[in-house]
Amino acid sequence: MRIDRAGNKGLIREINEALVLAELRGESLHSRADIARSTGLSGPTVTAITSRLIDRGLVEERATGASAGGRPPVLLGLRQHAGYVVGIKLTENRAIGVLTDLDANVVARAEAALAFPTPGAVVAGIVRAVEALTPAGHGRILGVGLGMGGVIDRDEGSVRHATYFDWHNEPLAKRLSEAIGLPVLIDNDVNALVASEQSWGAGRGVKNFAVVTIGRGVGMGMVLDGRLFRGGRGGAGELGHMKVVPGGPECECGGRGCLEAVIGEPALLGSLAGELGRRVSVDEAGTMARDGDQRAARVFAEAGQHLGRAVGNVVNILNPDRLLLAGEGTHNLDLIMPAFRRALNETVFDGLQDGLSIHAEAWDDEAWARGAASLLLNELFEPNLRLNSDEPTLIGRSAG
């Protein structure tokens, strides 16, 4: 068997560079000795890598640290504006986009309406959003991350099933990359949220956590043993289609009794109208419940009970250290949580809830788009990434 030693050396160098870049992400500054200790690389290797990264404009020497008796260490940081990434959150009628630096700080925002639900029309809308975000003067654009509802095969760049469109096995990443001339990464929108939480939010440094989103629909993403878990072909985490009411209301997926068909926003609106005898918004019903309307409060409590049982089963299966509740549905979380916690406690197997922390965050569309940018940023710091290209596209060597 012939071993490609040159190729192996190149891959090892990329892996080592990725390790160093990952250490330099965020606001903290690090000395070369700090990086060597945290990565396990030798001092000379770290020195060589950081020199290359400085030459490529990705890393800079920012300050001098305190001396421990010898020469004061030079502290390094990632140059946030060495490149930019576009993140797109795709809804049924809009493409919401942000332009971020390498630390996912938003520097520009734009959105475009989608004229028709055909792939061509959606790509055209996304292109308009990207063009509005990438005028001359913003420097190197490294690629586009896109988050959308549905079953997404990230590795193939295809939409196996779209939540809002009648699409099946649509090669969206290829279409979009050809249209804008940049690398494109697509994933489920909840996975985009998870990527952001893992890098910058409540999931940072947590090896096992789950994110459950509630709003128009119900979704879930998960990090297991430090890695975002997508399943065999991108379909993991369809919590919204867990059957919770046998023979219950019909779901958009064609099944009956799905969690989403019971507690998703359209279902809540229907339940509230039935209880109150008139149509109200979810936020209006929330105000009524807080003012003492027991009919509205009962609807939120029932939603919390269903959600608590479903999430309790997730805890039984995955045993996460942390649970994040996110999405627009968290605006009324105070009305849901008491019943949610009771149902969760009743469902979880004894001992599996020990040490489980629960956090809640209300994400708007811009935050979801920032999550999509995080998807691409996380991949850009991984070695040997290809992003619809025949060549590696680590930052510093990508198109743009």
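Two strands are taken as paired if DSSP finds at least two bridges between them. By this criterion, strand β12, residues 218-224, pairs with β13 in the antiparallel sense over three bridges. Within this pair, leucine 224 stands opposite arginine 227 of β13. The model is predicted.

The chain holds 12 helices and 15 strands. Of its 400 residues, 51% count as buried. The accessible surface comes to about 18,100 Å². Carbon and sulfur atoms account for 48% of that surface. Among contacts between residues at least 6 apart in sequence, 60% join residues at least 24 apart.

Strands β12 and β13 belong to an open sheet of five strands. The order is β13-β12-β11-β14-β15, and the pairing is mixed. The edge strands are β13 (227-229) and β15 (357-361), each of which pairs on one side only. On average, neighbouring strands of this sheet are turned by 20 degrees against each other, direction ignored. Helix α11, residues 333-347, packs on the sheet. The helix touches β11 (209-214), β14 (322-326) and β15. The direction of α11 makes about 155 degrees with that of β15.

A hairpin is formed by β8 and β9, with four residues between the two strands. Strand β8 covers residues 150-153 and strand β9 residues 158-162. Their pairing is antiparallel and runs over four bridges. Glycine 150 stands opposite alanine 162 in β9. In the turn, glycine 157 has a positive phi of about 70 degrees.

Strand β9 also takes part in covering helix α5. This helix spans residues 172-180, and its buried residues are Leu172, Ala173, Leu176, Ser177 and Ile180. Seen down the axis of α5, these buried residues fall within an arc of 125 degrees, so they line one face of the helix. An α-helix has 3.6 residues a turn, so residues three or four places apart point the same way. The face of α5 turned away from the buried side carries the exposed residues Lys174 and Glu178. Besides β9, the cover over the buried residues of α5 includes α4 (119-133), β7 (141-148) and β10 (184-188). Glycine 181 follows α5, and its phi is positive, near 70 degrees.

Conventions. Residues are numbered from 1 along each chain as its sequence is written. This is a predicted model: local features need pLDDT of at least 70, side-chain atom pairs count only at pLDDT 80 or more; totals for chains, interfaces and linings use all residues. Side-chain values use heavy atoms; hydrogens and water are left out. Axes are lines fitted to C-alpha atoms, for helices over the stretch in contact, and angles run from 0 to 180 degrees between N-to-C directions. Contact means heavy atoms within 4.5 Å. Buried means under 20% relative accessible area, exposed over 50%, partly exposed in between (1.4 Å probe, protein chains only). Accessible areas come from the Shrake-Rupley method with a 1.4 Å probe; for residues, only the protein chains shown count as cover. The arc is that of the directions from the helix axis to the C-beta atoms.
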